[in-house]
Amino acid sequence: MSSKTLGVVGLGSMGFGAAVSALKRGVATWGLDTRAEARERFAAAGGRATGALAELGAQCDVVVVLVVNAAQTDDVLFGANGLAASLKPGSVLVTSATVDPALPPQWEARLLERGLWLIDGPVSGGAKKAADGQMTVMASGRPEAFAAAGDVLDAFAGKVYRLGDRAGVGSTVKMVNQHLAGVHIAAACEAMALGMRAGADPRQLYEVICNSAGMSWMFQNRVPHILDGDYTPLSAVNIFVKDLGIVLDAAHQLAFPLPLAAAAHQLYLATAAAGHGAEDDSAVIKFYAELAGLELPPAKEVE
């Protein structure tokens, strides 16, 4: 059992899973969310819940910031009543949103001025792995930051990769992961739409591909959403509008061509423009369905 207290800012699908996993492994854990229902759910699971950053900061030694984007992360760190003002010196902040790799070094420098450590630690694995305490952390930062965090990262993750001694490397690796994830989901939707247009049974098609060389983790994970007609957003189309935008912006700075990522980004943008941005990212298939007049599997009736 760790002697340190963990804070998790953002009790969404990933944050809630991380916080509950840490509780199950004996780590005293605080959770913060702007939504009362999320706080109540975490409190019911045995955690300490709050809606005030200052209260969480005063109680915690390590805080994982699992919010949506860079703007929210910056506000949590340095905004009014932000954690930079309430954490005690020597505490560790783990920033886990997918962001431009140029940003974590800037946050690190500002936090060091206040005697605080930063671990650039984006995560991957989805809601299920988060709930099981098995998500991956792509972490980088100064050795002193990892020493100060102790074993807390292992309390909510299955794998913690230490990728370098400077902030920004973790976000670079996550950016590459998001490039692949975004392209794979778009390709899965395109392939399923092609097969359906050509007359293949979608469930048989899914089973065959999952046992063939064309299978990817994203195909196996996302296509069941299509087969069940369930586009509840476990990860929304708009997330990949943002994340592939980060990928393409970084590549632009490097003068590096990414034709596949650019094509996939356009598919997410088109899907969002058609009104599906808040739906699950597998809703990219709806763009093809509307284009080709395909009838997609209907939603299952709730018994």
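How much space lies in the largest pocket? About 1300 Å³. Before I describe that pocket, a word on the model. It is predicted, so local features need pLDDT of at least 70 and side-chain atom pairs count only at pLDDT 80 or more, while totals for chains, interfaces and linings use all residues. Residues are numbered from 1 along each chain as its sequence is written, and side-chain values use heavy atoms, with hydrogens and water left out.

A pocket here is an open set of points on a 1 Å grid over the protein atoms alone, where a 1.4 Å probe fits, with protein on both sides within 12 Å along at least five of seven lines; lining residues have an atom within 4 Å of a point. The volume is the space filled by probe spheres set on the points, which are joined across faces, edges and corners. Of the 46 lining residues, M14, G126, A127, L234 and S235 are the closest to the centre. Helix α10 gives the most to the lining, with 6 residues. Helices (DSSP runs of H or I, at least four residues) and strands (runs of E, at least two) are numbered from the N terminus.

Three strands form an open, mixed sheet in the order β7-β8-β9. Strands pair if DSSP finds at least two bridges between them. Because β7 (123-124) and β9 (157-162) each have a single partner strand, one side of each is left without a neighbour in the sheet. Strands β7 and β8 (residues 135-139) run antiparallel, joined by 2 bridges, and V123 stands opposite V137. Helix α10 (residues 169-197) packs on this sheet, touching β7 and β8, and its direction makes about 130° with that of β8. Contact means heavy atoms within 4.5 Å; axes are lines fitted to C-alpha atoms, for helices over the stretch in contact, with angles from 0 to 180 degrees between N-to-C directions.

Elsewhere, β4 (residues 62-65) pairs in the parallel sense with β1 (residues 6-9) over 4 bridges, and runs parallel to β5 (residues 92-95), also with 4 bridges. From β4, V62 and V64 point one way and V63 and V65 the other, and all are buried, that is, under 20% relative accessible area with a 1.4 Å probe, protein chains only.

Finally, the cysteines. The count is 0 disulfides, a disulfide being a pair of cysteine sulfur atoms within 2.5 Å. The sulfur of C210 lies 13 Å from its closest cysteine sulfur, in C189, which is too far for a bond. C189 is buried at 2% relative accessibility, and C210 is buried at 16%.

Terms used. Buried means under 20% relative accessible area, exposed over 50%, partly exposed in between (1.4 Å probe, protein chains only).
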